[in-house]
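Subject: Two-chain model, handover and notes

Hello,

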Amino acid sequence: MTVAVDFKNVDIVFGADQAGSLAMIDKGATRAEILEKTGNVLGCAGASLTVHEGEISVLMGLSGSGKSTLLRAVNRLNVVSRGQVLVKDGDKIVDVVTCDQATLRRLRQKQVAMVFQQFGLLPWRTVEENVGLGLELAGVPEPERKERVQRQLKLVNLDQWSKKYAHELSGGMQQRVGLARAFATEAPILLMDEPFSALDPLIRTKLQDELLQLQAELKKTIIFVSHDLEEALKIGSHITIMEGGRIVQTGAPEDIVLRPANDYVRDFIANVNPLSVLTAWNVMRDSRDLEHGDNGWVWLDRRKTTRFKIDEHGLVAAAERDGKPAIWVSCADVEAQSEEAAQVFWANPGTSLKTVMLAMHRSQTAPVALFDDQSRFVGAIGIRDVLSAVLRR
Amino acid sequence: MDPISQFMVDHKIPIGAWGKAFFGFLTDNFDTIFRAFSNGLNFLLDGLVNILLMVPPVLLALVIAIVAWLLQRSRPLAIGVFLGLIFIINQNLWKQTVQTLVLVVAAAAMAMAIGVPLGIWAAHKPKVYRIMLPVLDLMQTLPTFVYLIPVLTLFGLGNAPGLIVTIIFVIPTAVRLTHLGVVSVPKSIIEAGEAFGATKSQLLWKVELPSALPTIMAGLTQSIMLSLSMVVFAALIGAGGLGTEINRALGSRRIDLGLEAGLAIVVLAIVLDRMTRIGVGGKK
């Protein structure tokens, strides 16, 4: 995977005494200490993060945690005090911190587009004039501009509204204009600074879904700032949690939920519904950890209610439940199965925990087996595994 | 007098003398330049007045009413403008009104031409604004009579010094309102412009000025109103027009003449104010 944006030890300090503040950062001083000593505000310190192409990388944190500050370093809306921000520019890599004005402008016009929390639309311009802003600034000739703008407006379902003024639209529509404006430049990297925070929950969910749909098609590299963990878990392929200007933890969504790095992260995830992130893979016990009996029999649960006979290819040859032969069926068909039949459900690693729980519910808390793509047995989930994952114990 | 005050009075800082010396220096060395400038300006203003006076008054009033309609697209306004001007013709003050109109429009236009760029500059450089601020305060609060004197010695009598005095008085408003308009451009849209790669001049022309336009237009309206309030003073140093009539009425205690000329100024003020309210009323 190619790297699209690479933050390397980025420090951002707002204020006059840059050198003094940087020295304090090196000694590990907190934001409050730096403010007291130098009067400068620490934006972020020692931030290193790699964002790969096609990824949605979410920067998370409470307000003032430095997440927006770090995001805005990518197109130099915030000036980096020390460190590098490497951005892919075609075949080259450009350090945004040190590049000249002409390069920066080209990056902003062609490589990196941005979507703002407060939309940032020009109220005296119509929707289509707003969407065309980036192209206009880049000097794209009018016929081509018109054509590209119309295409983007269709993409976000606003083609009926192109002649309206921005302020005549609802908040959700205005942000769609913001999205279209960013897409219109065809920049491969998209910066989104809490784009949906100013919208009401229903519209927010809708726009998140639309963004994911568009992303499946367009495959942009998106850096997304959010203070809403549910949002981050929903759209992020990677999540970075920040506190007081420093990165606390980076990882896949389920890493954050299952293995929070410290109390700050733990507090963050305290109210998150684990069912919305966890998959069968996250909670299963590996087959090697299960209790093996004679003749290839393996107990799926600690209570020894259910066991599989595994052949030499790793496939299931026979199943037994409460001492009686049973059949094994996929979780995908859980709704179709009668509750009485002696059956053992199986799932794939990617199956959501919710589906696994439903299967357990249907089978009187019987364990659920996990098969890989070749239908080989890889592990099992017992009721205790589910409970400990949900309770985070 | 107590000794401390006496000491201070004895060592008076000779501000008046310095000022006098400064203007003496200017008149001694650059008199011809100032006079030539003044004569040229007088020629331009008088020429413009004469051209406008060649047009039959009712026809000119009709043209102004049509301009009002073109600017505001409002029929009642155009009719109101026409009736107001007919009233002035009826009061036999047309010539003076045209003189005043030319002076006021020229002063407001010049003040905007100088004030808007200064206001933009000040909005971009807070330091410049801090230096500019006391100068603007001085220009607005120094009693008008005080700077009538040096302007009179430099430029002589006539329309030109009247125009210059008016411009000095009006520029601060143009600067301040432009400054206000540009500094109140929402940060979010400036950042949007920057994030999409605007150059400094693109940012100014495509983001800042359109956003500040309503405030700048309010500055234009204010400039015209303030110019009108200066016509009476400008008349004291020889600028013709309605101000002259009012001064004459004051000198000869003619209530009737004062009332007529005063009402003509009010009518002119209302006409100009309503005509130049572009983008202020909130309608697109």
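Two residues are in contact here if their C-beta atoms, placed from the backbone, lie within 7 Å. By that criterion, the contact between the chains takes 13 residues from chain B and 16 residues from chain A. On the side of chain B that touches chain A, helices α9 (187-195) and α10 each supply at least two residues. The most comes from α9(B), with six residues. By type, the residues on this side of chain B are seven nonpolar, four polar and two charged.

Please keep in mind that this is a predicted model. For the complex, the predictor gives an ipTM of 0.78 and a pTM of 0.80. Chain B has a mean pLDDT of 90, with 98% of its residues at 70 or more. The stretch to treat with care is residues 280-284 of chain B, where the pLDDT is below 50 and where, beyond near neighbours in sequence, the model has three contacts. Where pLDDT is low, the predicted coordinates should not be read in detail.

Chain A

Chain A contains 15 helices and 19 strands. Its C-alpha trace spans about 75 × 55 × 40 Å along the principal axes. Of its 393 residues, 43% are buried. Among contacts in chain A with a separation of 6 or more, 62% are between residues 24 or more positions apart.

The chain is divided into domain 1 (3-10 + 46-274) and domain 2 (281-391), so domain 1 is given as two segments of sequence, by an automatic or database assignment. The C-alpha centres of these two domains lie 41 Å apart.

Setting aside neighbours within four places in sequence, A:Val368 is in contact with residues including A:Cys331, A:Phe345, A:Trp346, A:Val356 and A:Ile381.

Chain B

The secondary structure of chain B comes to twelve helices and zero strands. Its C-alpha atoms fill a box of roughly 70 × 60 × 40 Å along the principal axes. Of the 284 residues of chain B, 36% count as buried. Among contacts in this chain between residues at least 6 apart in sequence, 76% join residues at least 24 apart.

Helix α11 of chain B covers residues 242-251, and its buried residues are B:Leu242, B:Gly243, B:Thr244, B:Glu245 and B:Ile246. These buried residues pack against α5 (94-124), α10 and α12 (255-275) of chain B. After α11(B) comes B:Arg253, with a positive phi near 50 degrees.

Helix α10 of chain B runs over residues 200-236 and includes B:Leu204. Is B:Leu204 buried, partly exposed or exposed? B:Leu204 has 17 other C-beta atoms within 10 Å. Because a residue needs 20 or more to be buried and 12 or fewer to be exposed, B:Leu204 counts as partly exposed. B:Leu204 and B:Leu250 are 46 residues apart along the chain, and their C-alpha atoms are separated by 49 Å.

Backbone points to check

Most residues other than glycine have a negative phi.

- A:Gln364 has a phi near 50 degrees. A:Gln364 sits in the loop between α14 (353-362) and β18 (368-371) of chain A. With 10 other C-beta atoms within 10 Å, A:Gln364 is exposed.
- B:Asn92 has a phi near 60 degrees. B:Asn92 sits in the loop between α4 (75-90) and α5 of chain B. B:Asn92 is exposed, with 10 other C-beta atoms within 10 Å.

Regards

Key
Residues are numbered from 1 along each chain as its sequence is written. Chains are lettered from A and ligands numbered from 1 in the order in which they are written. This is a predicted model: local features need pLDDT of at least 70, side-chain atom pairs count only at pLDDT 80 or more; totals for chains, interfaces and linings use all residues. Helices (H or I, at least four residues) and strands (E, at least two) are DSSP runs, numbered from the N terminus. Ala, Val, Leu, Ile, Met, Phe, Trp, Tyr, Cys and Pro count as nonpolar, Asp, Glu, Lys and Arg as charged, and the others, Gly among them, as polar. pLDDT is the predictor's confidence in each residue, from 0 to 100.
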